[in-house]
Amino acid sequence: MKKLALSLVFLSLLFLLNSCQVEKPKVQIEPIVQKYVAVWNGGSLDSLDAIISENFEIRNGPTFESKIGIEALKKYITETRTAFPDFNVSGKQITLLGDTALVALWDISGTYYNSENPNIVVPKTSSPGFSVIFFSDNK
């Protein structure tokens with residue numbers, strides 16, 4: 001019985017120490033994620049230079065073709081803003097996966113604008129989604 005009690009105390013202590021270690025990176029990473037979301041919501045594309053790694057990679061449907069680098073990300077955000085001038089990302093939850101990755105849950109909304117035929121009117125749309133983000137060196 002003593003072994004069981006001692007094992008439970010040890011496991012509880014291990015869990016407590018492990019959860020404290022995750023909290024520090026979350027405190028460091030959340031402001032970076034907020035800055036990233038702010039760029040999607042109309043903030044300056046140049047602010048990505050301070051928070052995004054040079055080898056940043058994004059994959060989105062329907063093809064999930066890889067776009068690599070800060071300039072590719074800036075181009076993708078610009079294209080999204082052009083197609084959806086009122087594009088908005090609303091972050092819902094961030095879950096750390098160890099000390100190198102996180103899952104962000106979000107809602108997006110926007111109204112599609114067809115620059116080739118502005119007479120096409122599409123109602124505002126919204127959708128939930130998620131991103132898996134890998135990071136290192138606070139980027």
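Predicted model: local features only at pLDDT ≥ 70, side-chain atom pairs only at ≥ 80, totals over all residues.
Let me begin with the core. The largest nonpolar core has 24 residues, and those with the most contacts inside it are Tyr36, Trp40, Leu48, Ile52, Leu73 and Leu102. Two or more residues come from each of α1 (2-40), α2 (70-83), β3 (88-96) and β4, and α1 gives the most, with six residues. If we look at Leu102, and leave aside residues up to four places away in sequence, its contacts include Ile29 and Val33, as well as Ile94, Leu96, Val132, Ile133 and Phe135.

Turning to the aromatic residues, a search of the whole structure finds five aromatic pairs. One of them is formed by Tyr36 and Phe56, a tilted pair at 6.2 Å centre to centre with 50° between the planes. Because Tyr36 lies in helix α1 and Phe56 in the loop between α1 and β1 (57-59), this pair ties together parts that are 20 residues apart in sequence. Tyr36 is buried at a relative accessible area of 15%, and Phe56 also counts as buried, at 16%.

In a second tilted pair, the ring centres of Trp40 and Phe87 are 5.7 Å apart and the planes are at 50°. Here Trp40 lies in helix α1 and Phe87 in the loop between α2 and β3, so the parts tied together are 47 residues apart in sequence. Both residues, Trp40 and Phe87, are buried. Together with Tyr76, the residues Tyr36, Trp40, Phe56 and Phe87 form one aromatic cluster.

Finally, Asn114 sits in the loop between β4 (101-110) and β5 (125-134), and is buried, with a relative accessible area of 16%. A polar atom of the Asn114 side chain lies 2.9 Å from the backbone nitrogen of Glu116, and the backbone nitrogen of Asn117 lies 3.1 Å from a polar atom of that side chain.

Key. Residues numbered from 1 in each chain as written. Heavy atoms only, no water. Helix = DSSP H or I, 4+ residues; strand = E, 2+ residues; numbered from the N terminus. Buried < 20%, exposed > 50% of the residue type's maximum accessible area, 1.4 Å probe, protein only. Polar contact = N/O pair within 3.5 Å; in protein donor to acceptor, adjacent residues only side chain to side chain. Core = buried A, V, L, I, M, F, W, Y, C linked by side-chain atoms within 4.5 Å. Contact = heavy atoms within 4.5 Å. Phe/Tyr/Trp six-rings, centres within 6.5 Å; stacked < 30°, edge-to-face > 60°.
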